[in-house]
Amino acid sequence: MRESTIMKIHYGTALAAVALVAVHILMRLTMGYAESLEYENVLANYKFVPYAIMLELILVLLAVHGFNGLRVILLELKQGRLYEKAVSYGCLVAMIGLIAYGSRTIIMTNMGMA
Amino acid sequence: MAQVSSISNEQSPTAKSIILKISRYNPEHDESSQFMEFNVKYEKWTTVLEAILDVKKHYDHSVAVRYSCRQATCGSCGMIINGKPRLACFTKISELDSNVVTVEPMNNFPVIRDLAVKFEKLFDTHQKIKPYLIRDDTELISDEKEFLQTPEEVEQYIQFANCIKCGLCNSACPTMATDSSFVGPQALAQAYRYVADSRDKGKDSRLKIIDDSHGIWRCHFAGSCSQVCPKGVDPAMGIQLLRGYMLGFRS
């Protein structure tokens, strides 16, 4: 993929993540902050499908943005053909792994398996 | 190696003196650089380059320094003067406002010896972005005989045409300090200079060249390149404008 395409995704995910995380934080204010973080209320959030979809989106956006940011930092830290390939593929695999693990958590909780 | 030497040539009564600390380093023999100190007399119009040449003439002729035009045109005498990348021929000692003037080779360039650095990578990256007008026809066979531009079209790129390839921007760039493959502000500013030129038709090929994992996207906009340019070029702005093309905000 061309670097400009990757960076467009990088900027886009940042903007979208800021918007969705803002919604996520505002949702804490629908009741008392501490109350909203109680076990039953957190589970209720996961079981509410639109909210679960939003959490999944936040997970994907932050994982894509964060791991690409890490890739960029590591590429600037050291150079070399093999190293750069390892960093790029390593970050991609780590990103997919994190999304898979997070999605599993969201799906299982949503289905009442947690 | 460090020592204090005084030059005892005739000077006018208005002359003052400073300590000139010159970084000495020969990669073939030395493990690290060391400073040699010289007591140099100067007038208010004396430049750092003149002071270095005084040292070469009167005390140590082995000090390695590259220079040519002495009027900020050739871009040969870039060095770190009191911690900031500057042209030695364009920096007066009196304007430094210090009793000690330290000169070191430019950062982010391999040192040949003392104050002289290798420019190969700068010229390579400059050449890589195709620093010439690209178009199929030529003004030699055109009916109009020349490619006319409006003043507004010239205004788009003219400041970037002032680049003298001195390398001060690359020396000041924090990304270049860690990313040896980064194309650098000099080449990126020149890429913009030709992309913004209404006579040029090579925009797509140039944008493709700088759209690399060590290309335009690695600039963090520290802005130090623009601060140190002795010719008033603003590479940071050029890079911003180039990104506008890459992101589709400009066409």
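Student: How many helices and strands does the secondary structure of chain B come to?
Tutor: The model is a predicted one. Along its principal axes, the C-alpha trace of chain B spans about 65 × 40 × 30 Å. The secondary structure within chain B amounts to ten helices and eight strands.

Student: What percentage of the contacts in chain B with a separation of 6 or more is accounted for by residues 24 or more positions apart?
Tutor: A contact here requires C-beta atoms within 7 Å. Of the contacts in chain B with a separation of 6 or more, the share from residues 24 or more positions apart is 69%.

Student: What percentage of the residues of chain B count as buried?
Tutor: Burial requires 20 or more other C-beta atoms within 10 Å of a residue's own. Chain B has 251 residues, and the part that counts as buried is 37%.

Student: Is B:Asp114 buried or exposed?
Tutor: B:Asp114 sits in the loop between β7 (111-113) and β8 (116-117) of chain B. Most residues other than glycine have a negative phi. The phi of B:Asp114, however, is positive, near 50°. Because B:Asp114 has 24 C-beta neighbours inside 10 Å, and the threshold is 20 or more, this residue counts as buried.

Student: Why does B:Phe221 count as partly exposed?
Tutor: B:Phe221 belongs to the loop between α8 (203-210) and α9 (224-228) of chain B. Although B:Phe221 is not a glycine, its phi is positive, at about 60°. A residue is exposed with 12 or fewer neighbours and buried with 20 or more, and partly exposed in between. B:Phe221 therefore counts as partly exposed, its number of C-beta neighbours inside 10 Å being 13.

Note on methods. Residues are numbered from 1 along each chain as its sequence is written. Chains are lettered from A and ligands numbered from 1 in the order in which they are written. This is a predicted model: local features need pLDDT of at least 70, side-chain atom pairs count only at pLDDT 80 or more; totals for chains, interfaces and linings use all residues. Helices (H or I, at least four residues) and strands (E, at least two) are DSSP runs, numbered from the N terminus. Two residues are in contact if their C-beta atoms, placed from the backbone, lie within 7 Å.
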